[in-house]
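Subject: Structure handover

Hello,

Here is the structure for your files. My notes on cores, aromatic pairs and the surface follow below.

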Amino acid sequence: MRARQLWVPLRRVVVTLPVIWVVVSVVFLLIHIVPGDPIVQMLGEGATATDVSALRHAYHFDDPLHVQYLNYWGGLLHGDLGQSLRLHDSVLHLVLQRYPYTLALTLAALLMGVLVAVPAGVWSAVHRGLWQDKVLGVVSLGGLSFPNFALGPILVLVFSIWLGWLPVSGAGTGEVGEFLLHLLLPALTLALGLAAILTRMVRAAMLEELGQDYIRTARAKGLTERQVVYGHALRNALIPVLTVIGLQFGSLLAGAIVTETIFSWPGIGRLTLSAISNRDYALVQGCILAVGLTYVGVNLLTDVAYAVVNPRMR
């Protein structure tokens, strides 16, 4: 039995390896499927043939495609993602500088969304059909209707300009308290949409669990309603919600690109947009690879956690 329990996470790691290969391969091919000559786009239309040839040789674009592919994997395994043409620094160093900011923003938004969604979903399910349920339904629908690029400026207008409670942009000067104040608005922008989705998911899962036979048995044994709802129903209802949280993490990473731009947050999303506008393709590859591998890693952890939490999946 012990060996079987250990095999479940190991098997999921093995299944993830082909996914990682696909992600890396797609990121490598991005620079080759861009319309036109990427070297000419990097240097501009006024570049001379000598400059184009020299840069093509520097990036090894004059090598056969399979040689470039093997070299890319070799550099990746050695921690070499290339050099940024515009910023004159290694791509790995630039990504590692910005990655903690994006990770902090995503985790803060995820935490805020879960802390709001779980009690709201439970409250809505317990008061099914009553005014509390209807109000939460309207609020969650409103949260789903507002995209990040619309919600962000509204929050800035209310909390930064009108009330003056929170800073407008940036990440502060490095102090923890100042960093958290700058983090609050962009994290809230991402968290509201996530909370709306998770609230509906928790409500649906809770309604399904509250209708099960074991809930009627627990009530017949004299357990309080709080024990029934939180001690039994919620524990089982969170199992499918856990999977949705892992999937929504990828949506948070994607949404962070727009949110970081709105709030001038120094994360990977803003770095990606800057690299695209500057035609810095090596940096674009590095940023997309970091986001893609993070998404794969989070989904792997979610699958493992799902198997651990739910004995029926072992």
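The largest nonpolar core in this predicted model has 35 residues. Leu105, Leu198 and Met206 have the most contacts inside it. The largest share comes from α10, with 12 residues.

Leu198 touches Val114, Ala117, Val241, Val244 and Ile245, leaving aside residues up to four places away in sequence. There is also a second, separate core of 20 residues. Phe28, Tyr72, Leu271 and Val284 are among its members.

Next, the aromatics. The whole structure holds 6 aromatic pairs. One of them is Phe28 with Tyr69: the ring centres are 5.3 Å apart and the planes are at 65 degrees, so the pair is edge-to-face. Phe28 lies in helix α1 (residues 2–33) and Tyr69 in helix α4 (residues 65–77), so the link spans distant parts of the chain, 41 residues apart. Phe28 is buried, at 5% relative accessibility. Together with Tyr69 and Tyr72, Phe28 forms one aromatic cluster.

Phe179 and Trp265 make a tilted pair, 5.5 Å centre to centre with 45 degrees between the planes. Here too, distant parts of the chain are linked: Phe179 is in helix α8, Trp265 in the loop between α10 and α11 (268–277), 86 residues apart. Trp265 is buried, at 0% relative accessibility.

Last, the surface. Leu157, Ile161, Trp162, Leu163 and Trp165 make a nonpolar patch of about 610 Å². Ile161 sits in helix α7 (residues 148–162). Its relative accessible area is 56%, so Ile161 counts as exposed.

Best wishes

Terms used: Residues are numbered from 1 along each chain as its sequence is written. This is a predicted model: local features need pLDDT of at least 70, side-chain atom pairs count only at pLDDT 80 or more; totals for chains, interfaces and linings use all residues. Side-chain values use heavy atoms; hydrogens and water are left out. Patches are made of residues with over 30% relative accessible area and no salt bridge: like charges are joined within 9 Å, nonpolar side chains (Val, Leu, Ile, Met, Phe, Trp, Tyr) within 5 Å. Accessible areas come from the Shrake-Rupley method with a 1.4 Å probe; for residues, only the protein chains shown count as cover. A salt bridge is a side-chain nitrogen of Lys or Arg within 4 Å of a carboxyl oxygen of Asp or Glu. Helices (H or I, at least four residues) and strands (E, at least two) are DSSP runs, numbered from the N terminus. Buried means under 20% relative accessible area, exposed over 50%, partly exposed in between (1.4 Å probe, protein chains only). A nonpolar core is a set of buried Ala, Val, Leu, Ile, Met, Phe, Trp, Tyr and Cys residues joined through side-chain atoms within 4.5 Å. Contact means heavy atoms within 4.5 Å. Rings of Phe, Tyr and Trp (its six-membered ring) pair if their centres lie within 6.5 Å; planes under 30 degrees apart count as stacked, over 60 as edge-to-face and the rest as tilted.
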